[in-house]
Amino acid sequence: MTTKITPGDVVCLEGVDVPSGVRFHYVQNGKTRLRVMIAPAQLSSKQLSPNQASEARGSILFQPGRTEFIEKFFETAIDLTSRGFAVLIYDPRGQGFSSRPLPDPMKCFVRDYEEYCDDLAFVTESFIDDLPKPHIVMGHSMGGVIGLQTILSGRLNPAACAFTAPMLQLQDIDMLGMRTFIKLISLTALKYKTLPFQVPKSGHLVPFRSNKLTTDPERYKIWATYFENYPKLWLGAPTFGWISASLKAMKFVNANAEHLNIPSMITACGADPIVTPASNEEFARKAGSDFLNVPGALHEILLEKDEFRDQFWNAFDTFLDKNGL
């Protein structure tokens, strides 16, 4: 079957660098339209060996987290392409400019994480000619669970993977009583209802001083400006259905940690108020993954101050070198 690829929308903010040679496309996975970015590797003579005159180092398949969209990771994509990797990032279903499953586009909902996993495998296959091997799957938060489930279920077989603050246990939600309550609610029509007391409810961002993602005011401002200028990017609080699907995915991934038989790196953010850092460490121990804890960092290490980001990139480079990637 031939995948139909059409031009995709792109949001560019003044003063924000865009990866060189980037292309945006839409692809149709069943009834779901997914927006995809492909950025080619930026090769320099310093990065290349004599027998790699025009070859990329490999490809990064990057899976964003909840509420996230491609443009949020322009800086990350540049960091990766400058290391010699081609990069694929896409808007997850229900987010960014990809299709949204409910009549109310603000509601964050998914029936099962298998849908997310299918999307990741589908976009990879759709652009396989643009993605030289070896493939490395990366992802943040929700994207970490999606990436891990896709690999552990055999949908993708990359050479390695690296995840930041993977959503393996949610603060204050992943408790036995709460899990049971959410599961029961999700079996009714209330699964389309959003959880109470969640911020933001309408897609509007909280002030920087109240945010749980980063201590870097400039990077937060850039991210916030996307939402302020482009309401189509907004996404509200998670629904009971999304939380129930997430708990199921987390249970699967945690239960199968020992079967992650490829080189892997797990990064925890030491001051993370969203994902329990201890859950990241426990998974890394069971999976035999390289583990990095960044004290003082909030949930989004890739959006954090340089003093935190640099710790991640130094560890990531060491991880790649150690595994010949």
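Predicted model: local features only at pLDDT ≥ 70, side-chain atom pairs only at ≥ 80, totals over all residues.
**Exercise 1. Give the strand order of the open sheet and find its edges.**

Step one: the order. The nine strands run 1-2-3-5-4-6-7-8-9, with mixed pairing. Two strands pair if DSSP finds at least two bridges between them.

Step two: the edges. Strand 1 (5-7) and strand 9 (290-294) each have a single partner strand, so one side of each lacks a neighbour in the sheet.

Direction ignored, neighbouring strands are turned by 20 degrees against each other on average. Axes are lines fitted to C-alpha atoms, for helices over the stretch in contact; angles run from 0 to 180 degrees between N-to-C directions.

Strand 9 pairs with strand 8 (residues 264-269) in the parallel sense, over five bridges. Cysteine 269 faces valine 294 of strand 9. Helix 7 lies across strand 8 and strand 9, at about 160 degrees to strand 8.

**Exercise 2. Describe strand 4: its burial, its partners and its crossover.**

Six of the six residues of strand 4 are buried. Gly58, Ile60 and Phe62 point one way, while Ser59, Leu61 and Gln63 point the other. In a regular strand the side chains alternate between the two faces of the sheet.

Next, the partners. Five bridges join strand 4 to strand 5 (residues 85-90), in the parallel sense. There, phenylalanine 62 has isoleucine 89 as its bridge partner. Strand 4 also runs parallel to strand 6, again over five bridges. Leucine 61 stands opposite valine 137 in that strand.

Last, the crossover. The chain passes from strand 4 through helix 1 to strand 5, and this β-α-β crossover is right-handed. Right-handed means that, with the strands pointing away from the viewer, the path from the first strand over the helix to the second runs clockwise.

**Exercise 3. Explain why helix 3 counts as largely enclosed, and follow the chain at both ends.**

Count first. In helix 3 (residues 142-152), 11 of the 11 residues are buried, so the helix is largely enclosed by the rest of the structure.

Then name the cover. It includes strand 4 (58-63), helix 2 (113-126), strand 6 (135-140), strand 7 (160-164), helix 6 (240-255) and helix 7 (277-287). Contact means heavy atoms within 4.5 Å. On the sheet, helix 3 touches strand 4, strand 6 and strand 7, and its direction makes about 145 degrees with that of strand 6.

Now the ends. Serine 141 lies in the loop between strand 6 and helix 3. Its phi is positive, near 55 degrees, in a residue other than glycine. Serine 141 is buried, at 7% relative accessible area. After helix 3 comes glycine 154, with a positive phi near 85 degrees.

**Exercise 4. Classify two aromatic pairs and list their cluster.**

The structure holds 11 aromatic pairs. Rings of Phe, Tyr and Trp (its six-membered ring) pair if their centres lie within 6.5 Å; planes under 30 degrees apart count as stacked, over 60 as edge-to-face and the rest as tilted.

Pair one: phenylalanine 69 and tyrosine 226. Their centres are 5.5 Å apart and their planes at 75 degrees, so the pair is edge-to-face. Phenylalanine 69 is in the loop between strand 4 and helix 1 (74-81), tyrosine 226 in helix 5 (residues 217-229), 157 residues apart. Both are buried.

Pair two: tyrosine 220 and tryptophan 223. With centres 5.6 Å apart and planes at 70 degrees, this pair is edge-to-face. Three residues apart in helix 5, they are separated by about one helical turn.

The cluster: ring pairs link Phe69, Phe208, Tyr220, Trp223, Tyr226 and Phe227.

Definitions and conventions. Residues numbered from 1 in each chain as written. Heavy atoms only, no water. Buried < 20%, exposed > 50% of the residue type's maximum accessible area, 1.4 Å probe, protein only. Helix = DSSP H or I, 4+ residues; strand = E, 2+ residues; numbered from the N terminus.
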